[in-house]
Amino acid sequence: MADKLTTRQRSEQMRRVRSGDTKPEMVVRRTAFALGYRFRLHVNTLPGSPDLVFPRLRKVVFVHGCFWHQHSCKRGNRQPKSNVEYWKTKLDRNKRRDRGTRVRLRKLGWRVLVVWECQTVPSKQGRMAERLQQFLTAT
Ligand SMILES: [Zn+2]
């Protein structure tokens, strides 16, 4: 029998279905949209193809996965159990690349905000929305 979900799991599942895609990037897109901003996605003519681009404001937002982009949080500090050297090299490279991307964007006159995956969970979304609004209204 496949139907072994508890009531709680089932309502959790329903909630997810109703609220649509819960991927971090979708959460940030929905938030920016709800704040009244319109934006372009993954503009690959800019360094790093920023996830959200606000051309008129000359601002960009990256939504970063904590592990891949090595956030200093619990998820980001998770250590791979095997191929340690391989992962270390790869993740260090990601981090270095991200830094370079931000520097290049700033040199081109863009302001950059990074929203981390762990900041998009439901309990943190209010704070994230405030941060996003602050970033977008700052002059
Ligand atoms: Zn994180």
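Modeller: In this predicted model, a nonpolar core denotes a set of buried residues such as Val, Leu and Phe, joined through side-chain atoms within 4.5 Å.

Colleague: Which residues have the most contacts inside the largest nonpolar core?

Modeller: Val28, Leu52, Phe54, Val61 and Leu132 do, in a core of 15 residues. At least two residues of this core come from each of α2 (24-34), β2 (52-54), β3 (59-64), β4 (111-116) and α4 (125-137). The most are given by α4, with 4 residues. Apart from this core lies another, of 13 residues, including Val43, Val53, Val60 and Trp116.

Colleague: What does Leu132 touch, leaving aside residues up to four places away in sequence?

Modeller: Leu132 touches Val28, Thr31, Ala32, Leu35, Val61 and Leu113.

Colleague: What makes the site of the zinc ion tetrahedral?

Modeller: Four donors count as tetrahedral if all angles lie between 85 and 135 degrees. The angles among the 4 donor atoms here are 99 to 121 degrees, so the site is tetrahedral.

Colleague: Which atoms coordinate the zinc ion?

Modeller: Cys66 (SG), His71 (ND1), Cys73 (SG) and Cys118 (SG) do, at 2.1 to 2.4 Å. Along the chain these donors follow the spacing C-x4-H-x1-C-x44-C. Both His71 and Cys73 are buried.

Colleague: Why does the span of helix α3 agree with its number of residues?

Modeller: Helix α3 (residues 84-107) has 24 residues, and at 1.5 Å a residue it should span 34 Å; the end C-alpha atoms are 35 Å apart, which agrees.

Colleague: Which residues of α3 are buried, and against what do they pack?

Modeller: Leu91, Asn94, Asp98, Thr101 and Leu105 are buried, and the buried residues of α3 pack against β3 and β4. Just after α3, Gly109 adopts a positive phi of about 95 degrees.

Notes:
Residues are numbered from 1 along each chain as its sequence is written. This is a predicted model: local features need pLDDT of at least 70, side-chain atom pairs count only at pLDDT 80 or more; totals for chains, interfaces and linings use all residues. Side-chain values use heavy atoms; hydrogens and water are left out. Buried means under 20% relative accessible area, exposed over 50%, partly exposed in between (1.4 Å probe, protein chains only). Contact means heavy atoms within 4.5 Å. Donors are N, O and S atoms within 2.8 Å of the metal (3.2 Å for Na, K and Ca); water is not among the atoms, so sites may look incomplete. Four donors count as tetrahedral if all angles lie between 85 and 135 degrees; four count as square planar and six as octahedral if opposite donors are over 155 degrees apart and all others between 65 and 115; anything else is irregular. The expected span of a helix is 1.5 Å times one less than its number of residues.
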